[in-house]
Amino acid sequence: FFFFFKQKTAYEMQRGLVGSEMCIRDSHQMVSKSTGDKETAIKRLSKEVDEMDEHPVKFVNCYPISTKEKKADLFNWTGKITKLSGTPYDGAVIKFKMHFPDDYPFSPPIIVFEPPLYHPMVAQRGDHEGLICLDVLVVSKWETSVMVPKILSDLVNVVSHPDEKGEVCPEISKEFKDNKAAFLAKCVEWSKKNQQEKTNEVINSTKFT
């Protein structure tokens, strides 16, 4: 339930530029669009699931959340990134949630890591905790033609190649720039805490049927 609580506040984080400025989204714009046609979103998201089947993204498993009691929720997906050998997160299972607004694809989704990934582009605390700001998801740059495989490909690329330009978390960005060894050590520590064999949690992501 905490993820759904964070959805509204996370929408405030995708306005403006990615880089030296905080990624802040205009919540009023989201409210004004919230009356969009939900049926359009459902049709598009059903197509997105098929697209994931046809064009799976390397290193990523991501599908709508479902349980035995409830069929797949097209607006809320769960996923994990694995096998990022040769990156600061080698050996880690990086879990995330992706929420699509009711007016999708006219507004972009949001992606939240749970637990927050130790990365310059990921918020580490507060209501925005775990939120990553991707260039492709910035509202001023969002294109309705962009589909989930493209979003996830960009996600893997950003996660795999951290740099000091992403100042969603200024402290980590500064550490990366001034003391890269310390940054990498903390990434290794984070990865060790989030290895698949060291957690009993299973991600209940199943394909939409």
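Which residues do ring pairs link into a cluster? The legends below take this up for a predicted model.

**Close-up 1. An aromatic cluster formed through ring pairs.** Trp-77, Phe-100, Tyr-104 and Trp-142 belong to the cluster. Ring pairs join these residues. Across the model, the count of aromatic pairs is seven.

**Close-up 2. Phe-96 and Phe-113, an edge-to-face pair.** The ring centres of Phe-96 and Phe-113 are 6.2 Å apart. Their planes meet at 70°. Planes over 60 degrees apart count as edge-to-face, so the pair of Phe-96 and Phe-113 falls in that class. The pair links distant parts of the chain. Phe-96 belongs to strand E3 and Phe-113 to strand E4, 17 residues apart. Phe-96 has a relative accessibility of 1%. Buried means under 20%, so Phe-96 counts as buried. Phe-113 is buried too, with a relative accessible area of 1%.

**Close-up 3. Ser-107 in the loop between strands E3 and E4.** The loop runs between strand E3 (94-99) and strand E4 (110-113). Is Ser-107 buried or exposed here? Ser-107 is buried, at a relative accessible area of 1%. What does its side chain contact? The Ser-107 side chain makes a polar contact with the side chain of Asp-103, at 2.8 Å.

**Close-up 4. Lys-38 over the face of Phe-75.** Here a lysine meets an aromatic ring. Lys-38 lies 5.0 Å from the ring centre of Phe-75.

Conventions: Residues are numbered from 1 along each chain as its sequence is written. This is a predicted model: local features need pLDDT of at least 70, side-chain atom pairs count only at pLDDT 80 or more; totals for chains, interfaces and linings use all residues. Side-chain values use heavy atoms; hydrogens and water are left out. Helices (H or I, at least four residues) and strands (E, at least two) are DSSP runs, numbered from the N terminus. Buried means under 20% relative accessible area, exposed over 50%, partly exposed in between (1.4 Å probe, protein chains only). A polar contact is a pair of N or O atoms within 3.5 Å; within protein, one must be able to donate a hydrogen and the other to accept it, and residues adjacent in sequence count only if both atoms are side-chain atoms. Rings of Phe, Tyr and Trp (its six-membered ring) pair if their centres lie within 6.5 Å; planes under 30 degrees apart count as stacked, over 60 as edge-to-face and the rest as tilted. A charge sits over a ring if NZ of Lys or CZ of Arg is within 6 Å of the ring centre and within 35 degrees of the ring normal.
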